[in-house]
Amino acid sequence: MRLLHNEKDEEAFEKAGKIIKNGGLVAFPTETVYGLGGDALRPESSLKIYAAKGRPSDNPLIVHIADPEALSLIADPVPEEAWMLAEAFWPGPLTMILKKTDKVPPETTGGLDTVAIREPDHPTALSFIRHAGGYIAAPSANLSGSPSPTEALHVIRDLSGRIDMILDDGKCRVGLESTIVDLSTERPVILRPGRITLEELKKLLPGVSLDPGLKSEDPDLRPKAPGMKYRHYAPKAELLIIRGSEQRVVERINALAEKDVREGRLPGILCVEETKNAYPSGVVLPVGSRQKGEEVANRLFGVLREFDERGVDRIYSEGFSEEGIYLAVSNRLLKAAGHKELWV
Ligand code: TXA
Ligand code: MG
């Protein structure tokens with residue numbers, strides 16, 4: 001496994017490109033999270049990706065491109081809205097679902113007749129994609145079920161020995177996976193919230209709505225993106241979200257944490273900068289200021305992984321709103337908690 005620290009290392013890009021063309025796997029940084037890349041147009045490469053991640057093969061992959069024009073080869077039709085969104089948000093943290101062409105093998109799309117496509121906003125990612133033939137299938141580069149990797153060290157911890165190379169270019173700027181919008185149906189639907197918010201998308205797509213399956217625990221109302229139905233982003237310790245007024249939340253978390261300590265367990269507390277001093281016991285990890293949603297989004301996965309490293313037995317998390325970027329934060333946290341929320 002080779003690590004690249006310098007994005008201008010032409011030799012490393014060439015090597016990464018060769019690995020992909022020979023059917024191998026390369027992890028690479030994007031502005032959202034690290035991806036685990038293989039050739040999107042080769043069935044064997046996609047199968048290898050599923051095996052390396054330990055991921056069910058009915059969960060389709062995102063095809064990463066380095067130029068919006070590349071859409072035309074893999075999607076048909078490409079509706080006007082898709083070009084408009086590409087113009088507004090690419091390169092960037094937005095994935096579009098479109099009807100696929102025959103160029104995209106069913107192994108890449110989990111057997112679906114649609115394909116997920118995105119142009120990442122990261123110079124290393126774009127250079128890698130270009131060296132590797134232009135179409136890189138990549139899920140997040142974590143083991144299936146664990147929090148997505150926001151730095152190369154997370155990738156090494158999860159996938160060392162399972163992949164051929166990592167392009168290391170530091171920490172990811174956004175820290176949460178891309179927003180997914182489905183344009184293959186009559187009306188556009190957000191299948192996964194992210195840094196590009198519902199509010200922003202509504203300005204260009206007034207008819208866009210949220211997939212009702214995202215919030216529901218009803219098994220008949222499953223999220224449409226196959227990956228959103230699994231317990232995911234999850235630290236090893238059980239996570240419980242406590243929601244309500246700030247004062248009640250603090251009181252309840254302290255009561256739960258003190259009980260754990262009395263009974264010989266180590267509690268972890270996920271909170272914001274504003275409340276971090278209100279928790280006297282347990283491993284207290286603030287994710288950022290509540291006033292700075294982007295900071296909270298950026299640190300969430302790293303903090304979830306840190307709880308595991310610190311060996312906590314349970315995690316209690318403060319809740320967040322669903323405004324703007326917090327919709328994505330709340331969605332990932334709820335999934336990490338397996339939908340366990342306590343209102344106080
Ligand atoms: O930010 C991101 O999107 C990162 C970076 C690496 O680009 N990638 C990422 O990939 O998060 P992954 O595989 O972890 O998540 C892709 C999600 C899954 O929930 C999958 O089910 C959904 O996209 N998806 C992919 N293709 C789809 C399709 N054709 N229809 C519906 N959902 C799809
Ligand atoms: Mg993932």
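This is a predicted model: local features need pLDDT of at least 70, side-chain atom pairs count only at pLDDT 80 or more; totals for chains, interfaces and linings use all residues.
Local features need pLDDT of at least 70 and side-chain atom pairs count only at pLDDT 80 or more, while totals for chains, interfaces and linings use all residues. Residues are numbered from 1 along each chain as its sequence is written, chains are lettered from A and ligands numbered from 1 in the order in which they are written, and side-chain values use heavy atoms, with hydrogens and water left out.

The shell around ligand 1 holds 28 residues, and T32, N59, H64, S178 and G227 are the closest (a residue is near if one of its heavy atoms lies within 4 Å). By class, 16 are nonpolar, eight polar and four charged (Ala, Val, Leu, Ile, Met, Phe, Trp, Tyr, Cys and Pro count as nonpolar, Asp, Glu, Lys and Arg as charged, and the others, Gly among them, as polar). Strand β6 (114–118) provides the largest share, four residues (strands are DSSP runs of E, at least two residues, numbered from the N terminus).

Polar contacts (pairs of N or O atoms within 3.5 Å) also link the ligand to side chains. An oxygen atom of ligand 1 is 2.6 Å from an N or O atom of H64, and a polar atom of N59 lies 2.7 Å from a ligand oxygen. For R192, the distance to an oxygen atom of the ligand is 2.9 Å. The protein covers 98% of the 680 Å² of accessible area that ligand 1 has on its own (Shrake-Rupley method, 1.4 Å probe).

Note on methods:
A polar contact is a pair of N or O atoms within 3.5 Å; within protein, one must be able to donate a hydrogen and the other to accept it, and residues adjacent in sequence count only if both atoms are side-chain atoms.
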